[in-house]
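Let's go through a few features together, in question-and-answer form. Have the viewer open while you read.

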Amino acid sequence: MKPAPFEYFAPQTVDECLSLLAEYGEDAKVLAGGQSLVPMLALRLANPEQLLDINGIGELSGVRRENGSLVLGATTRHVTLERDPEIASAVPLLARVAPHIGHFQIRNRGTIGGSLAHADPAAELPGVARLLDAELDVDGPRGHRRIPVADFFETVFTTTLEADELLTGIRIPLWDPRAGFAVEQVTRRHGDFALVGAMAAVEVSDGRVTRAALCLTGVDAVPVRREEMEQSLIGATAADLDLPGLGAQAVADLSPSNDVHASSAYRKQVGAHLASRALAHAIHEATRGVK
Amino acid sequence: MSPTKIDVELVVNGQPRRATVEARKTLADTLREDLGLTGTHLACEHGVCGACTVLVDGAAVRSCLMFAVQAAQSTVTTVEGLSSSAGDLSPVQRAFRECHGLQCGFCTPGFIVSVTAFLEENPDPTDEEIRAGISGNLCRCTGYQGIVRAVKRAAELRAPEDSEGVTA
Amino acid sequence: MTTPALQDGHRPTGAARWIGKSVQRSEDRRLVTGRGQYVDDLNLPGMVHAHFVRSSVARGTITNLDVAEARELPGVLAVFTAAEINSPDHVFWQTMMGPDASYPPGRVLADGDVRYVGEPVAVIVAESRYLAEDAAELVELDIDPLAPVLDMVAALSEESDVVHPERPSNLSGEARADIPGLDERLDQAPHTFTETFRQHRYLCVPMETRGIVSTWDPWQEKLEITLSCQSVHETRLFYARMLGIPEIDIHVVMGDVGGSFGQKMFPEKEEHAVVIASRLIGGRPVKWIEDRAENLISGGHSREECLTMTVAVDDDGVLLAAKGHQIEDVGAFPRPGDGMAGGSALAMFPGPYRWSGPGSVGYLAQGAFTNTCGRTAYRGPWMMETTAREQMVDVVARKLGIDPLEMRRRNIISVADMPFTTPMQLQFDTVSPAETLEQAAELIGYDEFRKQQEKARTDGRLLGIGLSTYVEPQFGFGILATEATTVRIEPSGKVNVYTSTGSHGQSLETTLAQIVADELGVAFDDVRIIQGDSARTPYGAGTGGSRSGAIASGAAHAAAATMREKVLAIGAHLLEASVDDVEMSDGVISVRGVAGAAVPLAQVAAVAYLNTDAMPPGVTPGLEVSERYKAPLFMFSNATHAVTVEVDRATGQVEILRYVVSEDCGNMINPMVVEGQIAGGVVQAVGGVFYEHLVYDEDGNPTATTFMDYLLPTATEAPDLEYGHVITPSNTPGGYKGLGEGGAICAPAALLNAVRDALAPLGVSISEQPLSPDRVLRLINDAQASSRWR
C-alpha cells in the first residue's frame, strides 16, 4: 500500500505556496497534518502530481484574539486545541471536542485547517465551525477572501476553496463567557468518526433563552445548522422546553445517507435523541454558569 | 526517467543518520529499510493500528503517515532507542514483560512508544484514561488485559525516579 | 484478577519449581526492544519485491490481460501470469487432509476466468514494492462479469450457477450423522423448537499480515523460504509435493510470527506464486508482504455460516434430542480440504449436556462454494455448534419460563459423570462443565444480578446476563497425532530443546522451557527452545488447534525425563554412588544427604562428549535425546463464560459490564499464559459480535477493505476479564489440556445471550450478527413492548 510518485515541495511562505498552487492547480494537493490525506495516497485513492507541504510556513501557525473572535492559523494542531489555555477560555467548545478527534497520535499531527478543508461530514471540527459561525481566511491569486462557514462546505469532502487557493486561518466569534456548550456523539469505538453528532451552544438570562445554536453532523453531506428552530427558542423559558420534541424537529426534514456503519433511519432517530441531549446539557451549563 | 531522491538528515535514537529517498517513501519504510531499524512495524499503512508509532520531536506519531522528507532535521525515537545503551529495559518495556502485555509481539513496539509518550503527559492515569489513551493502538492477541496492567505498572515504575533509559 | 489455586496433578520427576508458575517470558526481551525478527524484517542482498494484480470482479471471464507495458517499467524484473506460473503438475493437497479428500480446483493464478474479488491474476517482481505497485497500474486487465454466487443457501439449490465449472454443484463437502427415527423422536417430544442462527463473515486479522521470502539457488538447486506461518514442516512438505523438489532441498524457517489464528496454517496462492516466481528468476530473494487491504479482501475469510437447530425438551427443560443442519460459506478457494469445519462441529454439537444417549443427536453439515474469498481456519473453526447450541438453550429456556442457568443445571454433566459417552460417541474422561458453570455463576454473582436487573427494569434500563458453556477438543489424528522434542545438552551444560511446534504468540519458548527445566532439574534460564526451522527441528504439524500446550508438552516431558535418567546415570557413576541416591537440581547432580558430593552438568557433558572412556558401562555417549509423543485421538478442555451487559435503548449501543470465564484446562503450565490466551479469544469474540463485519455488496465486492470500515475492538471496547480456574488434570503427561481457541469459541454465544436477555422484556428475537448499534436499535423499534419474562 504505497503512494504513487509525486514531486515534493516545502514552501516557507504563503506566497511561495500560492505560486506553486497557481502553477500546478488541480494536480497538486496541500499536505498539512496528513492524517486524512496520506492514507488516501497510500490507498492510491488520491494521486496528486505535486505535494505541497505547508508545515513549515510560520504564518499559518499561531493563535490570537482579534475583534471579538479567536483567530487560529490553519496549521494549528488538534493537540493545541486540546491543551492551549487561551483556546480553552476563548472557545471552550474547541477544547471540549478536541479529545474526541481520533487518538492522541493523530492529534499530534492533524490540523484544524486540514480537517476543515477535508470536509468530512462526520468530523467534529467542521461541526464546531458551523455551529459557531466561523469565517475562513483564504488566500489566492485573486487576493484574500473571508468565507462565512455557511458558504464553505459544499458537499462530502468538498469545499468552495478553489484549486489555486489556500486556507490560511479560521476566525471564531466569541460567545458570552456564561454560555453553555455541549457535544453529543455516537461513535462505534472510542475515537472513531461519529455515526451522528449534535452540538449546541446556548445563552440563558433570567431563565430565558437569549441565544441558541444547534448543529448536527453525520446527517447530511455537510454539517447542518437548524437556524429556524434556534430562532424559535429565543425568549422561551429554558425549564419549559419540550426537548424531545425539539430533537424530533431538528431532524424532521433530513435524509441522512446509509453506509456500512449506520442506516439513514438510525442516524435520524439517534440524531433527534442527541440533539435534545445537546440542548439539555448546554442549557444546564448556561443556567448553572458552570464551565 | 529515474525518480528524484532527496537527502534527508535526521537524528534517530540519539545518532545523526541520513537516508536518500524518494519523497513518497514513508518515514516508517525509511526507518525499516534504509536505517535498519526494523522494530517499528507496519500492520495497516493507513494510520489506524498504531504499530508504526515513533516519537518525532518528542510527540508520538504514526510514521506510516509521514514522509521521510518531512522528518528532515527532526529528532526521532523508535522502540530501539528506549532501552539504555547498556541494554536495560525502560520502565515501560519492563512493565510489559512483567504484566504479560504481549504475546506475538508485533503490535508491541507501537504500544511501547505510545505508552512512553502517554505517561510523559499523564504520569498517573486512571484506568479509564489508560484505556482511552491506548485506544489508538490495536492488539489482536492479548485482549488488552495485560497491556492495561502494564501501563499501570509502568506508571509505578516511573514514579520514584527519573525515566532513565528513555530518550525523547 | 483472581489468582488460581493450583492443584497438584501429575508431578514431573524433578522438583516443580517452574511448572505452574506465571514465569515471565523468555520471548519478551527481544520483542519489547524491537529486536524480533518477523519476515518483513529480512533485508537480504539482491532482494526484490513482489506485488499482485488482482481481480476486481467476483466472477467473470478474462477477455484481456496485457502485461507488456508493466514489464517495460524500469526497475521491474518480471511480470508473470498463469502462463508462466501455473502447471498441470502442481498438486495442492494438504498433509492433514490427504490426497483423497475433497478440494476445490487447484490453481495458483487465475487462468481464463476469475472466481472472487481479490483473486491474484498476475505477479509483478520489482526492485521495490513502491515500483511494483506502480507497475500494477500499467497492467491491462479486462473481465466480462457474470452474476456471482453470493448466498450460501441459494448456492446449494439446483438452480444456482456453479462457482467451479469443474464441479457438478457448489457443494464443497458434507459431514453427517444420520439417525434413523430421530425425526419421529423430535416430533413426539413434549416440546419441540426450531431456530435458525446466522453468523456473519468475520476474520482472523492477525496484526502481522501474511508474508514470505523465497530464494531459489539455481546452482545447488535448493529452495530457501522464510515464511510467516504456523508450521515449517507442512510448508516444506507441501512445496516438495507441489513442485517435485526433494524435501531435503527445501529449507523453511519461520522467525517471529505476528499472530495467525489459523490464517497462516497453510501456504496459499500468493505464497505459491512467489515461490514459483523465485524459481523462475533464480538467485535473488523474492519478498512478498501482504498489505492490510489484501489481508482483509483476500487473506482468507471465516465464520460465515448458518445453523438450523431443532431441539426436543420435556416440561422441565431437560434436553431430549436435537438435530442440526449447518451450512458453511467456504468461498471459492477454501483451505484446508473442502474448507469445512462441519465435521468437528458435528462431533462437538451435543456440548456438555447429557441428552438421552446415543442416537439422540443428529447432524448435517454442508459446505457451499461462493464467489467470495476462500475460507480459512479461524480460532475454533467449528465454533458455530456452540454459538447455536448455547443460544438455543437460552431461547428454549425463555419459552418454557425457566431461567437459563437453571436450565443448564438440569442438563449439564459434571466430573461425577466421568467417563461420559456423548451422543456422538466421543468419550469425555476429565471434563468438568458443571463445576465451571457453578464457578462462573458464583463469580459473576448471578442471583444478585437478577435482582439488580429487576430493579433496573423498573427504571426503564435494559440490563442482561448471558451464559455459554462448552467443551473444546484437541484432535490427534494423522499429522496431528504426534509432537516431537529433541533435547541436546551442550558441553557447557546449557540445554537446547528442539521442538516441532511453531509458536506465534503462544509463549512456547517459555512454557516448554518450564517443563524441561523441572523435568530435567536445571535452571529455567539455562534452557533454550528452538522451533520453526525445518533443518533443525523435528518433524511436526506446528502450532494450531490448541495442541501445543497439551501435546508438545508430552514430548517435552518425555525427552527431558529420558535425558534426566541418562544424566543421573553418568553423574552417579562419576560420584561413585548408586543411581537411586543421586538427584539433580539447578544443573547440579548431587548425592542425597552427602555434603560436597556433587558434579555440575557441564562435567557430565564433558564426559559424555569428550572423555567417553569415563562413561558408565551400558550408557551410550553423547547427551542428545529425541522423543516423539503420540497424543490420544481426542483431548478435551471446557469452560463457562458469563457476561453482563447494559443496552442503551436510545442508541442501541451495548456496554459490557462484567465478563467472567471459568476455565478447566487441567494443570496449567503458566497461569499468566493461560489467561492471556483466553483473553485474546474473548476480545476477538467481542469484535465479531459487535464490531467486525466483512460485508460483500450485491456484485460480490468486499466493502470493508480497510481498518476504517473493518472495525477491530480497542482497549476501550474490551471488557475487564475475570477468571476462575477449575483443575481436572488430563490423563496425559503433566495433566495439561489445550485451550488456545476456547475464548473465541465460547464467548460469542455468551455475549449474544446477554443482549437477548437484556431485550427480553421487549419480546425481541435475535438470530443474526453483528449486533451493531443500528441492528440493536432496529430490533428494539420492531419488537413488541410487552414483557414476557416472569
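**Rings and cavities**

A: To start, C:Phe238 and C:Tyr239 are both buried (under 20% relative accessible area with a 1.4 Å probe and protein chains only; exposed is over 50%, partly exposed in between). Keep in mind that this is a predicted model, where local features need pLDDT of at least 70, side-chain atom pairs count only at pLDDT 80 or more, and totals for chains, interfaces and linings use all residues. Residues are numbered from 1 along each chain as its sequence is written, chains are lettered from A and ligands numbered from 1 in written order, and side-chain values use heavy atoms, without hydrogens and water.

Q: How do I read an aromatic pair, and what is the angle between the planes of C:Phe238 and C:Tyr239?

A: A pair of aromatic rings is described by the distance of the centres and the angle of the planes. Rings of Phe, Tyr and Trp (its six-membered ring) pair if their centres lie within 6.5 Å, with planes under 30 degrees apart called stacked, over 60 edge-to-face and the rest tilted. C:Phe238 and C:Tyr239 are edge-to-face, at 5.4 Å centre to centre and 85 degrees between the planes.

Q: Which parts does the pair of C:Trp382 and C:Phe475 tie together?

A: This pair is edge-to-face too, with 5.8 Å between centres and 80 degrees between planes. C:Trp382 lies in the loop between β15 (361-369) and α11 (384-400) of chain C and C:Phe475 in strand β18 (residues 462-475) of chain C, so the pair links parts 93 residues apart in sequence. Helices (H or I, at least four residues) and strands (E, at least two) are DSSP runs, numbered from the N terminus. C:Trp382 counts as buried at 5% relative accessibility, and so does C:Phe475 at 15%.

Q: What about a charge over a ring: which residue lies over the face of A:Trp175?

A: The test is that NZ of Lys or CZ of Arg is within 6 Å of the ring centre and within 35 degrees of the ring normal. A:Arg211 lies over A:Trp175, at 3.7 Å from the ring centre. In chain C, C:Arg241 sits over the face of C:Trp93, at 3.7 Å from the ring centre.

Q: Which domains of chain C give residues to the lining of the largest cavity?

A: On a 1 Å grid over the protein atoms alone, a cavity is a set of points where a 1.4 Å probe fits but cannot get out, and lining residues have an atom within 4 Å of a point. Domain 2 (39-146 + 209-257 + 264-298) and domain 3 (305-476 + 632-785) of chain C both contribute to the lining, so the largest cavity lies between them; the bounds come from an automatic or database domain assignment.
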